[in-house]
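User: I am new to this structure and would like to go through it by question and answer. Please show it first.

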Amino acid sequence: MPKPTLVFAALLLGLGLGAFALSGSRTALLPAYVGGTLAVLAGLALAYAGARRHLMHVAAVVALLGALAPAAALAIRAAQMSPLALSVNVGMLALSAALLAMMIRSFVVARRSRTAD
């Protein structure tokens with residue numbers, strides 16, 4: 001799971017940096033913060049195989065928070081958001097939720113294979 005996490009991290013970094021370049025608002029960098037954190041965790045997971053499971057669980061929590069933050073913002077004030085803010089929030093929600101779903105599926109498969117042995 002570390003390599004797909006790096007891909008999603010790069011997408012979130014690109015989304016945040018692109019939104020910042022277009023708006024100049026520091027809050028537009030929120031996807032980049034989540035992406036940066038995921039990139040560090042995935043890099044550590046690749047470097048330290050013994051801690052990979054724990055690091056990927058932490059990355060799943062980061063992905064969960066990365067999905068909850070824009071979901072809450074959209075639920076509270078989607079009608080007042082600019083088109084850029086709306087698209088960044090929807091993009092961050094979609095990327096984080098997709099990564100989280102992939103991670104949960106991976107955890108379930110790993111758990112089943114461990115108990116089958």
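User: In which helix is S96 found?
Analyst: This is a predicted model, in which local features need pLDDT of at least 70, side-chain atom pairs count only at pLDDT 80 or more, and totals for chains, interfaces and linings use all residues. Residues are numbered from 1 along each chain as its sequence is written, and side-chain values use heavy atoms, with hydrogens and water left out. Helices are DSSP runs of H or I with at least four residues, numbered from the N terminus. On that basis, S96 is found in helix α4.

User: Is S96 buried or exposed?
Analyst: Buried means under 20% relative accessible area, exposed over 50%, and partly exposed in between (1.4 Å probe, protein chains only). The relative accessibility of S96 is 1%, so S96 counts as buried.

User: Which residues is S96 in contact with, leaving aside its neighbours within four places in sequence?
Analyst: Contact means heavy atoms within 4.5 Å. With those neighbours left aside, the contacts of S96 are L12, A63, G66 and A67.

User: Which helices do the buried residues of α4 pack against?
Analyst: Besides S96, the buried residues of α4 include V88, N89, M92 and L95. The buried residues of this helix pack against α1, α2 and α3.

User: How far apart are the end C-alpha atoms of α4?
Analyst: The expected span of a helix is 1.5 Å times one less than its number of residues. For the 34 residues of α4 this should give 50 Å, which agrees with the distance between its end C-alpha atoms, 49 Å.

User: What is the separation of the C-alpha atoms of L55 and S96?
Analyst: L55 lies in helix α3 and is buried, with a relative accessible area of 15%. Not counting residues up to four places away in sequence, L55 touches L41, L44 and A45. Along the chain L55 and S96 are 41 residues apart, and their C-alpha atoms are separated by 16 Å.

User: What is the relative accessible area of L68?
Analyst: L68 lies in helix α3. L68 is partly exposed, its relative accessible area being 47%.

Notes:
Helices (H or I, at least four residues) and strands (E, at least two) are DSSP runs, numbered from the N terminus.
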